[in-house]
Amino acid sequence: MKRLKTILLIDDDAPTLFLNKLVIQDLDCTDKILTAENGRQAIEMLTEEVDDGFLCPDLILLDINMPIVNGWEFMEKYQTLSAEQKAKIVVVMLTTSLNPDDRSRAESIEEIKDFVSKPLDETTLKDIIEKHFN
Amino acid sequence: MPNTNQKLLLRRLDDAERKIRVLEDMIENSSRELYIANQDLKHKNKDLEQIIYIVSHDLQEPLTTLYAFLGRLAEKHNQELSSQGQEYLDYANISAERMKALIKGLLDHSRIGAKRIIESIDFNKVVKDVMLDLDSIIHESKAKISIEDLPTLKAYTIESRLLFQNLIHNAIKFAKPGHTPVIRIGAEEMQTHVSFYVEDEGIGIEEDYHEKVFKIFQQLSRKPGGVGIGLAHCKKIALMHEGDLWIDNTYTEGCRFCFTFSKGL
């Protein structure tokens with residue numbers, strides 16, 4: 001399994017963020033874990049210039065239902081990022097939604113590469129990394 | 001010049017026309033009020049379903065996380081727990097499991113009819129398909145199911161299947177202990193509706209509970225895998241078909257569920 005440099009977790013729920021961080025640490029699959037509490041904070045992180053350009057986490061795990069800017073609204077803003085930046089990022093929707101409409105909506109958005117059910121566990125995370133990074 | 005009789009008749013005609021106009025106005029007003037009340041009811045029903053959906057969805061999120069932490073506790077810290085601590089963990093898991101099933105039940109209930117498709121359905125095929133879905137349970141219980149010739153009528157396919165599935169499954173689940181489930185299914189064409197029945201020779205339901213069993217989360221016994229929402233689903237489906245669902249209180253050999261579907265959908 002390939003080791004990643006950065007994973008960005010976008011979720012408003014502190015226990016969920018804590019759990020996801022534990023799962024990532026257990027799998028020891030990345031150098032850095034970043035977190036954002038909602039879509040707006042995440043977009044700010046992605047559009048703020050850092051040392052040599054913009055932040056490009058290898059993997060974004062995105063929740064749908066969040067206050068301020070939810071997962072769908074985040075994707076609208078994400079789509080306006082440069083093709084160069086987006087090419088380096090894999091966005092995976094991580095949700096408790098059982099609504100088939102949410103799944104088909106996610107499938108209709110080119111930049112969303114996967115739609116995964118919560119809770120995140122080591123097997124699911126390993127599958128995501130092997131599917132999208134090997 | 002009209003004579004006196006003619007004048008009288010003309011006046012009566014005028015009076016009658018005025019009364020008709022008043023009545024027409026009253027009918028128009030009543031129709032308008034009925035239309036507004038109906039629209040209001042539709043909105044309220046939609047709101048309610050939306051609320052159920054949102055509540056059940058939002059409840060699911062923390063529950064999923066709770067579940068995951070309980071799992072981690074059992075998996076990674078089991079050795080550190082005393083036997084009493086492990087017992088607490090087991091009970092916490094059982095409760096979380098039940099809450100998950102309750103939430104799923106609510107979600108399923110709110111979704112019934114959300115994507116309804118009406119089409120002409122052969123109910124012989126509906127029941128045959130349901131029996132295929134329930135094949136392993138039917139086989140395991142050795143249930144004897146006899147089906148009369150059923151009609152073809154316009155109905156909502158997925159929901160109709162769900163209704164039969166719940167009733168047949170219940171009839172098997174609530175067979176008399178030590179007895180093979182016996183189930184009979186039939187239908188009768190009425191003037192405006194078709195009346196179906198699913199009857200069994202099982203443990204039956206006391207008359208006091210004949211209404212209550214159709215309410216959400218009402219169970220007469222705690223059977224594994226059930227939360228008491230199947231019959232509420234069935235009632236909703238019958239109402240969707242402009243019909244109703246009830247338990248026949250004249251039947252005493254077990255339980256007979258009767259439901260009607262409108263022929264005019």
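**Entry 1. Helices H2 and H3 of chain A**

I started with a pair of helices in chain A and noted that the crossing of H2(A) and H3(A) is right-handed. This is a predicted model, and I read every entry below with that in mind. H2(A) covers residues 39-47 and H3(A) covers residues 71-78. I find that their axes come within 9 Å and cross at roughly 20 degrees. Angles under 35 degrees count as roughly parallel, so I put H2(A) and H3(A) down as roughly parallel to each other.

I then listed the residues in this contact. H2(A) brings Gly39(A), Ala42(A) and Ile43(A). H3(A) brings Gly71(A), Glu73(A), Phe74(A) and Lys77(A). By class I have three nonpolar, two polar and two charged residues in the contact of H2(A) with H3(A).

**Entry 2. The sheet of chain A**

Next I traced the strands of chain A. I get an open sheet of five strands in the order S2-S1-S5-S6-S7, with parallel pairing. Strand S2(A), residues 30-36, and strand S7(A), residues 112-117, stand at the edges. Each of these two has a single partner strand, so one side of each is left without a neighbour in the sheet. I noted that neighbouring strands of this sheet are turned by 20 degrees against each other on average, with direction ignored.

I looked at one pair in detail. S1(A), residues 4-10, pairs with S2(A) in the parallel sense over six bridges.

**Entry 3. Helices H1 and H6 of chain A**

How do H1(A) and H6(A) cross? The axes of H1(A), residues 14-27, and H6(A) come within 9 Å and cross at roughly 65 degrees. That makes H1(A) roughly perpendicular to H6(A). I recorded the crossing of H1(A) past H6(A) as right-handed.

On the H1(A) side I listed Val23(A), Ile24(A), Asp26(A) and Leu27(A). They meet Glu122(A), Leu125(A) and Lys126(A) in H6(A). The residues of this contact divide into four nonpolar, no polar and three charged.

**Entry 4. Helices H1 and H2 of chain B**

I moved to chain B and took its helices H1 and H2. H1(B) runs over residues 4-76 and helix H2(B) over residues 83-111. Their axes come within 9 Å and cross at roughly 155 degrees. That makes H1(B) roughly antiparallel to H2(B). I noted this crossing as left-handed. By class, the contact of H1(B) with H2(B) has 16 nonpolar, six polar and two charged residues.

**Entry 5. The sheet of chain B**

I traced an open sheet of five strands here too, in the order S2-S4-S5-S7-S6 of chain B. The pairing in this sheet is mixed. Which strands stand at the edges? I find S2(B), residues 144-147, and S6(B), residues 245-247, and each pairs on one side only. The twist averages 15 degrees from one strand to the next.

S6(B) and S7(B), residues 255-262, pair in the antiparallel sense over three bridges. I marked Trp246(B), which stands opposite Cys258(B) in S7(B). Helix H5(B), residues 157-173, packs on the sheet. I list its contacts as S4(B) (residues 182-189), S5(B) (residues 193-200) and S7(B). The direction of H5(B) makes about 20 degrees with that of S5(B).

**Entry 6. Where the chains meet**

I then looked at the contact between the chains. Nine residues of chain B are in contact with nine residues of chain A. On the side of chain B that touches chain A, H1(B) gives the most, with eight residues. I sorted the residues of that side into four nonpolar, four polar and one charged.

**Entry 7. Confidence**

Last, I looked up the scores. The model has ipTM 0.75 and pTM 0.69. The mean pLDDT of chain A is 92, and 99% of its residues reach 70 or more. Chain B averages a pLDDT of 90, and 97% of the residues score at least 70. I keep in mind that where pLDDT is low, the predicted coordinates should not be read in detail.

Notes. Residues are numbered from 1 along each chain as its sequence is written. Chains are lettered from A and ligands numbered from 1 in the order in which they are written. This is a predicted model: local features need pLDDT of at least 70, side-chain atom pairs count only at pLDDT 80 or more; totals for chains, interfaces and linings use all residues. Two strands pair if DSSP finds at least two bridges between them. Helices (H or I, at least four residues) and strands (E, at least two) are DSSP runs, numbered from the N terminus. Axes are lines fitted to C-alpha atoms, for helices over the stretch in contact, and angles run from 0 to 180 degrees between N-to-C directions. Two residues are in contact if their C-beta atoms, placed from the backbone, lie within 7 Å. Ala, Val, Leu, Ile, Met, Phe, Trp, Tyr, Cys and Pro count as nonpolar, Asp, Glu, Lys and Arg as charged, and the others, Gly among them, as polar. Angles under 35 degrees count as roughly parallel, over 145 as roughly antiparallel, 65 to 115 as roughly perpendicular and the rest as oblique. A crossing is left-handed if the near helix is turned anticlockwise from the far one by less than a right angle, and right-handed if clockwise. pLDDT is the predictor's confidence in each residue, from 0 to 100.
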